[in-house]
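Please examine the sequence and the three-dimensional model below.

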Amino acid sequence: MTASTTIGGSLKTNLSVAQLYESALQAGEGQLAAEGPLVVRTGKHTGRSPLDKFIVVEPSSEAHVWWGDVNHPISEEHYDRLRNRLLAYVSDKQLYAQDMYIGADPEHQRSLRVYTETAWASIFARNLFRRPAREDLEAFKPNFTILDVPSFQADPATEGTRTGTAILLHIKRMEIIIVGTMYAGEIKKSAFTVMNYLMPDEDVLPMHSSINVGKAGDTVIFFGLSGTGKTTLSADPLRALIGDDEHGWGPKGTFNFEGGCYAKTIRLSSMYEPDIFATTKRFGTILENTDLDPFTRDLDLDSERFTENTRAAYPLHFIGNADPTGMAGQPSHVVFLTADAFGVLPPISRLTLDQAAYHFISGYTAKLAGTEIGVKEPSATFSAGFGAPFLPRHPGVYAKQLVERLVKYNVPVWLVNTGWTGGPYGVGSRMNINHTRNMVRAAINGDLNDVEFVQDPIFRVDVPVAVPGVPDEILQPRNTWADKAAFDAQAAKLAYMFAQNFEYYADGVTPEVASSGPVVPENVDTSNLRFSKPGEG
């Protein structure tokens, strides 16, 4: 799939969004919503399939990939067999192609060609990656290619895959194949995986993060998994948005990998998230699995009929305060976001360097309790680097890069809990978004520089005793619980899960980092503990 390779029976290249809308609607790929976005369904796959992601084992990259629960190996023989069958499958089909860039910094930028089976997925690629100038397209040569064909099914018996769904990365050839899933997030995250492999060799830390910049040029990085507020908190009307999901931190500063956003839309609020909400009413936005009235085509953003993971894919310029350059300076603050559904982490705390490495590698958040009979507790999710499925190398490699930068540029790190207070999910309540915004603003504006801090006895992080605009009583989570014994038991369980998870990474970090986690009390009740394996985050 090089620039000279012929793909498909016919190829429509670099069509505009309007042209792609026409093709998508004519082919019945989606519905036009009332205000102009294109609403599509992704079938049975409404999220990523991390267990179906494979990296080809080949000499140039084999020693650098961290094989295991995250990076599953597949042989070149199996890859070539699937690839050849796929190319034959599309030889008489119409495909779409978009020539795009990934990486706003020209020194670290890559060019990619995205082949898609559907017109709407071509809009997705056009929205999410960075668009070349028209004059650049004439001599465009991709550094790597993505071929996305959802209707094709892999053959596990002969091609080494787990199911008919497969996301395959051949690092030496710089090729990505995606089959058996219509979920477009696989396109953006597979490209991110490539950048996560390449950037450390260029002295760039790749980050699953959002970034914004204040009027004084102060840059803030927000790390966080889905649902922790990474997109919401970075879309601050008082600050310019660099990007909401994928960035690099290099010698000259920070830069966005992408040219768009892929935001969750479930229960999106016009009051609390006005900029993101507005994108759901614009021509050019792709809405995945959002419900709508079949007659009026009005959206129902509160509906979970198809999935809780409803998404909007839109270009960055749809956000009014987005910085068009996608580049910023060295950060003045780093914020780790977690949505703790156990209700025991402080709403804001300050980390030491070793704690920053520990929590970066842990990448903790929590999923809500499901509908399974007998399951009443939330499920802890640990995803190294706040993006384990996209890290081809050992998380310790990225953590080392992070700490080196924190030291070099004297950057403080904050852990912010956007989850529950006053009790766990089902008992307590979600953190007030205004309180969270006030805490983040106080930290990055320097309002906490002279405030007294106290150390949390379990998690050992430093917690401020006062934050402007935030009630003092919510800063110490134990004080918000009516049942103090229940809090202690819940905190002990979470500390235990942190320790159990970190054993998986201990061989790749220093002893100081490995010992910077929570204190695990004796006689922890380990019944009903539910937390994800490292590769599932």
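Are Y101 and F140 buried or exposed? Both Y101 and F140 are buried, where buried means under 20% relative accessible area, exposed over 50% and partly exposed in between, with a 1.4 Å probe and protein chains only. The model is a predicted one, in which local features need pLDDT of at least 70 and side-chain atom pairs count only at pLDDT 80 or more, while totals for chains, interfaces and linings use all residues. Residues are numbered from 1 along each chain as its sequence is written, and side-chain values use heavy atoms, with hydrogens and water left out.

The aromatic contacts may be considered next. A pair of aromatic rings is described by the distance of the centres and the angle of the planes. Rings of Phe, Tyr and Trp (its six-membered ring) pair if their centres lie within 6.5 Å; planes under 30 degrees apart count as stacked, over 60 as edge-to-face and the rest as tilted. The count by this rule is 28 aromatic pairs. Y101 and F140 form a tilted pair, with 5.8 Å from centre to centre and 40° between the planes. This pair links distant parts of the chain, since Y101 belongs to strand β6 (residues 94-102) and F140 to the loop between α3 (119-128) and β8 (144-149), 39 residues apart. Helices (H or I, at least four residues) and strands (E, at least two) are DSSP runs, numbered from the N terminus.

The pair of F382 and F498 is edge-to-face, at 5.1 Å centre to centre and 75° between the planes. Because F382 lies in strand β25 (residues 379-382) and F498 in helix α11 (residues 484-502), the pair ties together parts that are 116 residues apart in sequence. F382 and F498 are both buried. These two residues also belong to a cluster linked by ring pairs, which includes W66, Y358 and Y364.

Charged groups also meet aromatic rings. A charge sits over a ring if NZ of Lys or CZ of Arg is within 6 Å of the ring centre and within 35 degrees of the ring normal. R311 lies over the face of Y262, at 5.0 Å from the ring centre, and R350 lies over the face of F453, at 3.8 Å.

For the chain as a whole, the secondary structure comprises twelve helices and 30 strands. The C-alpha trace spans about 65 × 50 × 50 Å along its principal axes. A compact globule of 537 residues would have a radius of gyration near 24 Å, and the 23 Å of the chain agrees with this; the radius is taken over C-alpha atoms, and the globule rule is 2.2 Å times the number of residues to the power 0.38. Of the 537 residues, 60% count as buried.

The structure also holds six cavities of 30 Å³ or more. On a 1 Å grid over the protein atoms alone, a cavity is a set of points where a 1.4 Å probe fits but cannot get out, and a pocket is an open set with protein on both sides within 12 Å along at least five of seven lines; lining residues have an atom within 4 Å of a point. The largest cavity has a volume of about 70 Å³, and helix α5 (residues 185-198) gives the most to its lining, with four residues. The second largest pocket contains about 230 Å³ of space, and its lining includes R126, F129 and H317.

Methods
Points joined across faces, edges and corners; volume = space filled by probe spheres on them.
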